[in-house]
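The sequence and the coordinates should be kept in view while reading.

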Amino acid sequence: MSTNGSKPKLALYWAASCGGCEIAVLGIGDKILKVDEVFDIVLWPVAMDFKLHSIEAMEDKSIDVCLFNGAVRTSEQEYMARLLRAKSKVMVAFGSCAHEGCIPGLANVTTREEIFQSSYDDPTTVDNPNGVRPQLETETDEGTLYLPMFYDTVRTLDQVVDVEYTIPGCPPESDRIWEALTAIIEGNLPEPGTVIGEKSTVCDVCPRVRTDKTIKEFKRTWEIEPDPEICLLEQGIICCGIATRAGCGALCPQVGSPCIGCYGPAEGVTDFGARMISALASVIDSDDPEEIDRIIQEGIPDPIGQFYRFGLAHSRLRRTAMPGANGHQPAEEEVTA
Amino acid sequence: MPDENFEPKIIGFFCNWCSYRAADMAGTARMNYEPNVRIIRVMCSGRVDPDFVMAAFAKGADGVLIAGCHPGECHYNNQNFKTMRRYALLKHTLRAIGVEEERIRLQWASAAEGAILARSIDEMVERVRELGPLNWPKQWEAPPEVEEAIKMMEAEHAEALEVTA
């Protein structure tokens, strides 16, 4: 780490994430040395030792760029998001979790109470005979111990603080990260609010051939050996390339595996699932309501997992119905009712 | 307890060629029907992006009514068949999310069917009134204790600072 105060300051932080985004940053290879040459790195818990209070002591807006990965699901993460927002000139939602909730955001199909029940009341891998649950405050002889509050709803970074830019992807491809870092280094950034990435969809860069074929049933990947040339969707495999931002080079469909949407919604798509619904409606070959229902029920048993695997927290509706909110029942009970 | 004063807010997407005219007809014929539907005219029910419906619920609508020409009578050949398939997919997804089924409805109504449209509006308003307000934005509202918990983090850090000093 350089001590030259004249260099622009860079902070990297992680919240509710898996660490893959951090690995992806290192994936730029020896260009990381260039990053260190250009920036004064002031915070990067995964790679270097920094103290939080030195960030707290900084003047507002004294960090030039903060790359924040991870969603926000605890008060500690929200505290860090607010702190880094206040200290940074440019806040970047880095990677799918910060951008759209990603896999941690799938917790929005459940609640804090349900998660605590399975983790502490009825845990499968540890014993908790006294049913101990984490408390916000615990008094000990040495003083009070604090734990962060665990939220019911996982939030994306832009639902918690203002964000200037978004770098999509689970994780972002290293080439795209380097492009974004280059833009920052050269002062060549687009308008605030921009998603730094391709404007087209995965379908646009996918070499598979699209005809106008429609289908009578959806198939799981293990059910067929897909033709290597033809569009997967036209073979009945639900591929999310049509709603997903390009940037990966259509790696999955090229090897016969459908796009699952890890690069997030394409430019102009607000709700990933809504775009998928629109697209799939054009592929189903039936004008009979009953047959349509059958194709959907059999082919898409888990619409949230299918359409919102990466974007539930950032979708229009953000989560499933909370039990008891406005007197509503949980989803399962509604289905059986 | 159902709120006696609750008036459902229902967003209606009516196609220009049949259903909007059906609504016009219901009006000129002075038919009585519930005033709870805010009608948005679209050129075709096939224009109704599922995102419009999600947005309506996310912004506080209690129900969404999509109305279009009868299958086979679409002004744009077969776009309302697309609506039919989208609606099925949308309903399937909303069910998983936990939005009650009766809050979304697809109604075919030709330009001559003002009475049918008016009746479907009445039915839907009655059903949604029984269900009560949806108030979806409340689902993700942060509880007031959150601010306190964040302050606690600050207090904890201040304490840690004292130790290091």
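The account below begins with the domains of one chain and ends with the contact between the chains.

The structure is a predicted model. Chain A is divided into domain 1, which covers residues 1–123 + 134–197, and domain 2, which covers residues 202–314. The centres of domain 1 of chain A and domain 2 of chain A, taken over C-alpha atoms, are separated by 31 Å. Where these domains touch, 19 residues come from domain 1 of chain A and 12 residues from domain 2 of chain A. On the side of domain 1 of chain A that touches domain 2 of chain A, at least two residues each are supplied by α5 (96–100), α6 (102–105) and β8 (150–155) of chain A. Of these elements, α5(A) gives the most, with 3 residues. By class, this side of domain 1 of chain A holds 7 nonpolar, 8 polar and 4 charged residues.

Chain A also contains an open sheet of 5 strands, which follow one another in the order β2-β1-β3-β5-β9 and pair in parallel. At the edges stand β2 (40–43) and β9 (165–167) of chain A; each has a single partner strand, so one side of each is left without a neighbour in the sheet. From one strand to the next, the twist averages 25 degrees. The partner of β9(A) is strand β5 (residues 88–94) of chain A, and the two pair in the parallel sense over 3 bridges. In this pairing, A:Phe94 has A:Ile167 in β9(A) as its bridge partner.

Two packed helices are described by the angle between their axes and the distance between the axes. For helix α1 (residues 19–28) and helix α4 (residues 114–131) of chain B, the axes come within 8 Å and cross at roughly 90 degrees. The helices α1(B) and α4(B) are therefore roughly perpendicular to each other. Here B:Ser19, B:Ala22, B:Ala23, B:Met25 and B:Ala26 of α1(B) meet B:Gly114, B:Ala115, B:Leu117 and B:Ala118 of α4(B). The contact of α1(B) with α4(B) comprises 7 nonpolar, 2 polar and no charged residues.

The contact between the chains can now be considered. It takes 46 residues from chain A and 41 residues from chain B. On the side of chain B that touches chain A, the elements that give two or more residues are α2 (50–58), α3 (79–97) and α5 (145–164) of chain B. The largest share of this side, 13 residues, comes from α3(B). The residues of this side of chain B divide into 22 nonpolar, 8 polar and 11 charged.

Two places in chain A show this meeting of chains in detail. In helix α11 (residues 272–281) of chain A, 9 of the 10 residues are buried, so the helix is largely enclosed by the rest of the structure. Among the buried residues of α11(A) are A:Phe272, A:Arg275 and A:Leu280. The buried residues of α11(A) pack against α13 (303–307) of chain A, together with α2 and α3 of chain B. The C-alpha atoms of A:Tyr79 and A:Ile230, which are 151 residues apart along the chain, are separated by 49 Å.

Technical notes: Residues are numbered from 1 along each chain as its sequence is written. Chains are lettered from A and ligands numbered from 1 in the order in which they are written. This is a predicted model: local features need pLDDT of at least 70, side-chain atom pairs count only at pLDDT 80 or more; totals for chains, interfaces and linings use all residues. Two residues are in contact if their C-beta atoms, placed from the backbone, lie within 7 Å. Helices (H or I, at least four residues) and strands (E, at least two) are DSSP runs, numbered from the N terminus. Ala, Val, Leu, Ile, Met, Phe, Trp, Tyr, Cys and Pro count as nonpolar, Asp, Glu, Lys and Arg as charged, and the others, Gly among them, as polar. Domain bounds come from an automatic or database domain assignment. Two strands pair if DSSP finds at least two bridges between them. Axes are lines fitted to C-alpha atoms, for helices over the stretch in contact, and angles run from 0 to 180 degrees between N-to-C directions. A residue is buried if 20 or more other C-beta atoms lie within 10 Å of its own, exposed if 12 or fewer, and partly exposed in between; C-beta atoms are placed from the backbone. Angles under 35 degrees count as roughly parallel, over 145 as roughly antiparallel, 65 to 115 as roughly perpendicular and the rest as oblique.
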